[in-house]
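Let's take a friendly walk through a protein fold, one piece at a time. Please have a look at the sequence and the structure first.

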Amino acid sequence: WQQRAADSRFEKPEKKTIQEFLQHCKREKYLKMDKVITCFSKRPEACVRLICFPWAVYSIRLPGRESRAKEPFFQNMQEIIDDVITVLLPQLKEKPFALFGHSFGAMTCFAFAEHVKKVYNLEPIHVFLSGASAPYSEARLQAPKRSHLSDEEFISWLTSIGGTPPEILAKAELTKLFLPALKADLYVAEHYRCTRPSTPFLSCPVSCFDGKEDSPHDLQAWRSMTSGDFTVQMLSGGHFYLKEGANEKYLLDHITKHLETAEMDYL
C-alpha cells in the first residue's frame, strides 16, 4: 500500500480499505491460532496463560488429526515446537505464561520451554510435568518402543494403561481414526533425544506429578532443568490418574494456587 500511495499514478486507498485490510490480517492471525491451539474457555482478561501439552490428540492441535487431518504427521519434536511457536510467540510476549504437560506432553513441554528460553529468552512462571520420565533420563532411554506395534498389539497396550474407554477400543472403525495419530506421537517421543542440562536453563518452580500405580518414571531427573523450587507428588491411580475426579480437582486447585501466587510475585 505504501508503495502504491507514493506513486502518483495510483489513487490513495480509502480509509475503509485500510481498515478492511487490518481486519483481514486480524482474522488470519486468529484463524492460524485456532488451527494449532484449542482454547476451551477464552479469557482475555486473565493475568496468566496456562499452555497445556497433552498426552496426544487434544489442546495443542497437531497435524494429522481433527481439522488438520489431511496434513502429514510430524516426524520429530522440533517440527512440533516450530509449529506451535509460530502462533504462540506473540502470546508469550504479551503476558506471563505457565506450562503443563502429561506423558508425551511432558516431553513436548520440556522441549518448548528449552526452546523459548534459549532462542527468545522467555521463561514460564511455573512448569507442571506429569506421567513421564525426563527425556534425557536413563529410564526414558531404556523404555520399550511401541510405535511399531501392530494395531492389535497397540490396542492391547492401550488397554493395559487405561485412559481410553473399552467401547472405543472395541470398534475398528474408531480405532482406525485415532491409532495413526497415537502412533505418530509415540514415534516422536521414542526418537526424541536431548542431553541432560549441564546447568539449569530455568529459574521458575517445576512441579511433577505421577500415578502411584503407573509404571515407574524418573521424575527426579526433571530437577536438572531448573534452579528454582522442585517438587514431586504421587497421586493414587495409574497412567491416567489425572482423569479421576478427586485427582483432577486436586491438580486444578494446585495449579490455580501456584499460578495465583506466581502472578502476585510477578506483579
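In strand S4, which residue is the bridge partner of Leu-129? The partner is Cys-208. Before going on, a word on the model: it is predicted, local features need pLDDT of at least 70, side-chain atom pairs count only at pLDDT 80 or more, and totals for chains, interfaces and linings use all residues. Residues are numbered from 1 along each chain as its sequence is written, and side-chain values use heavy atoms, with hydrogens and water left out.

**The sheet**

Five strands form an open sheet in the order S1-S2-S3-S4-S5, with parallel pairing. Strands (E, at least two residues) and helices (H or I, at least four) are DSSP runs, numbered from the N terminus, and two strands pair if DSSP finds at least two bridges between them. S1 (49–53) and S5 are at the edges with a single partner strand each, so one side of each has no neighbour in the sheet. From one strand to the next, the twist averages 15°.

| Strand pair | Bridges | Direction |
|---|---|---|
| S3 (residues 127–130) and S4 | four bridges | parallel |
| S4 and S5 (residues 230–235) | six bridges | parallel |

Along S5, Phe-230 is the bridge partner of Val-206, while Gln-233 stands opposite Phe-209.

**Inside S4**

Is S4 (residues 206–211) enclosed or open? Six of its six residues are buried, so the strand is largely enclosed by the rest of the structure. Here buried means under 20% relative accessible area, with a 1.4 Å probe and protein chains only. Val-206, Cys-208 and Asp-210 point one way from S4, and Ser-207, Phe-209 and Gly-211 point the other way.

**Helices**

Helix H4 (residues 104–120) lies across S1, S2 and S3, and runs at about 150° to S2. Angles run from 0 to 180 degrees between N-to-C directions, and axes are lines fitted to C-alpha atoms, for helices over the stretch in contact.

Two other helices, H6 (residues 151–161) and H8 (residues 172–191), pack at about 80° with their axes 11 Å apart. H6 and H8 are therefore roughly perpendicular (65 to 115 degrees). On the H6 side, the contact (heavy atoms within 4.5 Å) includes Phe-154 and Trp-157, and on the H8 side it includes Phe-178 and Leu-182. The residues of this contact divide into eight nonpolar, one polar and two charged. Nonpolar covers Ala, Val, Leu, Ile, Met, Phe, Trp, Tyr, Cys and Pro, charged covers Asp, Glu, Lys and Arg, and the others, Gly among them, count as polar.

Key. Parallel < 35°, antiparallel > 145°, perpendicular 65-115°, else oblique. Buried < 20%, exposed > 50% of the residue type's maximum accessible area, 1.4 Å probe, protein only.
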